[in-house]
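The sequence and the model are shown here.

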Amino acid sequence: MKVTRLDRAQLTECIGDLADLLVDTVADGASVGFLGPLDRTAALTWWKERAGAVGEGRLAVWVACRDGRTVGTVSLAFADKPNSRHRAELVKLMVHRDARGQGLGRRLLTTAEQAATDAGVTLLHLDTETDSPAERLYDSAGWTRAGVIPDYAASPAGVLRPTTIYFKYV
């Protein structure tokens, strides 16, 4: 399976697959910022709105493709303030239900961590729903729990859930 960093044009080309991946992720109950059911049009719009940030280098997006179809993605959101250029936020790590359990989440995470190092970033941070499967990935990959915020975000079902904040020096 190939993992590729997308430029603005490539992001636009695979926006349909990325929208389908986002819809699948939300339908499976992952708390990635959306309430369910998420329709494809809303997912397409959300990804289209990311294109400018990718073009400006404020957001890096990688996709994992299998048989010509996007089955995973991860992004790094780079800080834009002078006092925070040493850090980035890991966002939207998603793996399609059909591709889970094959190490793809770990591969995408490792890809983003290495790219952060290559870009001179020394500190990464993220948030994820407390007690979600994602926590096992971050714990096993050496990320450090900074704390838990109760009722931080609604699940796709609309239920307020706690969020765990993680960081990692890279």
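## Asp-139 and its partners

Leaving out residues up to four places away in sequence, Asp-139 is in contact with Arg-145 and Tyr-166, where contact means heavy atoms within 4.5 Å. Asp-139 belongs to helix 5, residues 133-140. Helices here are DSSP runs of H or I with at least four residues, strands are runs of E with at least two, and both are numbered from the N terminus.

The side chains of Asp-139 and Tyr-166 make a polar contact at 3.0 Å. A polar contact is a pair of N or O atoms within 3.5 Å; within protein, one must be able to donate a hydrogen and the other to accept it, and residues adjacent in sequence count only if both atoms are side-chain atoms. Asp-139 and Tyr-166 are 27 residues apart along the chain, and their C-alpha atoms are separated by 9.0 Å. With a relative accessible area of 35%, Asp-139 is partly exposed. Buried means under 20% relative accessible area, exposed means over 50%, and partly exposed lies in between, with a 1.4 Å probe and protein chains only.

## Basis of the model

This is a predicted model, in which local features need pLDDT of at least 70 and side-chain atom pairs count only at pLDDT 80 or more, while totals for chains, interfaces and linings use all residues. Residues are numbered from 1 along each chain as its sequence is written, and side-chain values use heavy atoms, with hydrogens and water left out.

## The chain as a whole

The protein chain has five helices and seven strands. Along the sequence they follow the pattern β-α-α-α-β-β-β-α-β-α-β-β. The radius of gyration is 15 Å, close to the 15 Å that the globule rule gives for 170 residues, so the chain is as compact as a globular protein of that length. This radius is taken over C-alpha atoms, and the globule rule is 2.2 Å times the number of residues to the power 0.38. Taken along the principal axes, the C-alpha atoms fill a box of roughly 35 × 35 × 30 Å.

Of the 170 residues, 42% count as buried. Among contacts with a separation of 6 or more, 60% are between residues 24 or more positions apart. The chain exposes about 8600 Å², and carbon and sulfur atoms supply 50% of that area; accessible areas come from the Shrake-Rupley method with a 1.4 Å probe, and for residues only the protein chains shown count as cover. There are 21 positive and 21 negative charges, with mean positions 3 Å apart. Lys and Arg count as positive and Asp and Glu as negative, while His and the chain ends are not counted. Each charge is placed at NZ of Lys, CZ of Arg, CG of Asp or CD of Glu.

## Thr-73 in strand 3

Thr-73 is found in strand 3, residues 69-78. Its relative accessibility is 0%, so Thr-73 counts as buried. Beyond four places in sequence, Thr-73 touches residues including Leu-18, Trp-47, Trp-62, Lys-92 and Leu-108. A polar atom of the Thr-73 side chain lies 2.7 Å from the backbone oxygen of Trp-62.

## Around helix 2

Asp-24 lies in helix 2 and is buried, with a relative accessible area of 9%. Not counting residues up to four places away, Asp-24 touches His-96, Arg-97 and Arg-100.

The loop between helix 2 (15-27) and helix 3 (40-56) holds Leu-38. Leu-38 is buried at 13% relative accessible area and, beyond four places in sequence, touches Leu-22, Val-23, Val-26 and Ala-43. Pro-37 lies in the loop between helix 2 and helix 3, and the peptide bond from Gly-36 to Pro-37 is cis, with omega near -10°.

## Positive phi values

Lys-92 lies in strand 4, residues 87-95. Its phi is near 50°, a positive value in a residue other than glycine. At 22% relative accessibility, Lys-92 counts as partly exposed. Asp-151, found in strand 6, residues 144-154, has a positive phi near 50°.
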